[in-house]
Amino acid sequence: MTIVNRSLRVMHIVSGDLWAGAEAQAYTLLRQLNHEVSLIVIVLNHGELSRRLSDAGISVRILPETSMSSVGIFCGLVREIFRFRPDIVHTHRQKENILGAIAFSINRLLRRARLSVRTVHGASEYVPKGLGRVQAALNVALGRWVQSAVIAVSEDLKKQLEPIYGQKNLVLVRNGVDGVALKSVDLGSKPQMEGFCIGIVGRLEAVKRVDIFLNMAAILLKEVPNIPWQFHIFGDGRLAIPLKQMAAQLEIADRVYFHGQVNTIAPYLVGLKALVMCSDHEGTPMTALEAMSLEVPIIAHNVGGLSELLYSEPQALVDVHTPEGYAKSLINFADNPFVPVTLPQEYTAEYNCRQVLHLYRHLLGA
């Protein structure tokens, strides 16, 4: 990796309210950046992300949104930027984008900060209403006119964002996974998983379409009963109870295991015959990168970053976004298992960090 002078000062602002794909990617990038720049991370919640960052020796400041108002967090950000004097302020997600970009603007006028960028980790999952529409409009305006670049994590997402932010501001930097760190995890530290195990990983929210996964499971158990199917769901969210009720109504609850939130997923992934990803849309999901790094087969919706990631493995992509479509692909997979392709270099943590550093240098040079 090209060595960057550690006099480059970088601040990241991230929520850290849960441990999901955006947090996993931020953590992976920040671990790499910490070796190359003078880094500080402002986290808005105590949790798994802040703990991992601290354990990695990264300088962390917590402005807890559970006990501080938005005004209090904003004032805290102004103070932290004024004190640290970053060359780059890098934000993630809407709240951090808005508060961070405005706090950056004040400090830029005081010559205490130079540039700000943001990462968009995925397409919006909700249609904003009321005050949410004002916040969404402010978020876009700050991305267009205050921050110097908007990072998209997949080509598909970049195309979606072009009408919003303009082509000039957009930069493609794909997510990356640290394969060495991933494989250093104790892969035997998991409950016993027997049978033909099929899994899904993600927040239990509507966009992840765990309902499709459960209906797919019901079809497989009915149409191919000779295979000892077992279905594993990893994640938590607002739909946890309705999805468990759905499994009971489909009369498949004895074959479906809800594991809840699992912060270290690698030991479970290696116990799967296949990972199913049936979200309505995706950026470049970290779970998919981890599965490919661990050589776990994926059956995925042919959409977004998944299409780019698995383009050389067409048998892994599902065009018919229905329970029947995924069931058909899994039946074919059970009859003719395929060997997963090697994870391309542009999806590694080192490459991801190198691209982000190149962007920082380019913006500062310009």
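**Terms and values**

Mentor: Start with Glu96, which lies in helix 4 (residues 94-109). Helices here are DSSP runs of H or I with at least four residues, strands are runs of E with at least two, and both are numbered from the N terminus. The model is predicted, so local features need pLDDT of at least 70, side-chain atom pairs count only at pLDDT 80 or more, and totals for chains, interfaces and linings use all residues. Residues are numbered from 1 along each chain as its sequence is written, and side-chain values use heavy atoms, with hydrogens and water left out.

Trainee: Why is Glu96 called buried?
Mentor: Buried means under 20% relative accessible area, exposed means over 50%, and partly exposed is in between, with a 1.4 Å probe and protein chains only. Glu96 has 4%, so Glu96 is buried.

Trainee: Which residues is Glu96 in contact with, leaving aside its neighbours within four places in sequence?
Mentor: Contact means heavy atoms within 4.5 Å. The partners of Glu96 are Ile13, Val14, Ser15, Leu44, Thr91 and Ala101.

Trainee: Asn107 is also found in helix 4. What makes Asn107 count as buried?
Mentor: Its relative accessibility is 0%, so Asn107 counts as buried. Beyond its neighbours within four places in sequence, Asn107 is in contact with Val78, Ile81, Phe82, Arg112 and Ala113.

Trainee: What about the loops on either side of helix 4? Is Arg93 buried, partly exposed or exposed?
Mentor: Arg93 lies in the loop between strand 4 (88-92) and helix 4. Its relative accessible area is 31%, so Arg93 is partly exposed. Its phi is near 75°, a positive value in a residue other than glycine.

Trainee: And how do you know whether Arg111 is buried or exposed?
Mentor: Arg111 sits in the loop between helix 4 and strand 5 (115-120). At 71% relative accessibility, Arg111 counts as exposed. Phi of Arg111 is positive too, near 60°.

Trainee: Now to helix pairs. How are two packed helices described?
Mentor: By the angle between their axes and the distance between the axes. Axes are lines fitted to C-alpha atoms, for helices over the stretch in contact, and angles run from 0 to 180 degrees between N-to-C directions.

Trainee: What are the values for helix 8 and helix 13?
Mentor: Helix 8 (residues 210-223) and helix 13 (residues 323-335) pack at about 50°, with axes 8 Å apart. That angle makes helix 8 oblique to helix 13. The cut-offs: under 35 degrees is roughly parallel, over 145 roughly antiparallel, 65 to 115 roughly perpendicular, and the rest oblique.

Trainee: Which residues make that contact?
Mentor: Helix 8 gives Ile212, Asn215, Met216, Ile219, Leu220 and Glu223, while helix 13 gives Pro323, Glu324, Tyr326, Ala327, Leu330 and Ile331. By class, that is 9 nonpolar, 1 polar and 2 charged residues. Ala, Val, Leu, Ile, Met, Phe, Trp, Tyr, Cys and Pro count as nonpolar, Asp, Glu, Lys and Arg as charged, and the others, Gly among them, as polar.

Trainee: What angle do helix 5 and helix 6 make?
Mentor: The axes of helix 5 (residues 131-145) and helix 6 (residues 155-165) cross at roughly 90° and come within 10 Å. So helix 5 is roughly perpendicular to helix 6. Asn139, Val140, Gly143 and Arg144 of helix 5 meet Pro163, Ile164 and Tyr165 of helix 6. The classes are 4 nonpolar, 2 polar and 1 charged.

Trainee: Last one. Which residues of helix 9 are buried?
Mentor: In helix 9 (residues 240-249), they are Ala240, Leu243, Met246 and Ala247. Seen down the axis, they fall within an arc of 125°, so they line one face of the helix. The arc is that of the directions from the helix axis to the C-beta atoms. On the other side, Ile241 and Gln249 are exposed. The cover over the buried residues includes helix 8 and strand 10 (256-260).
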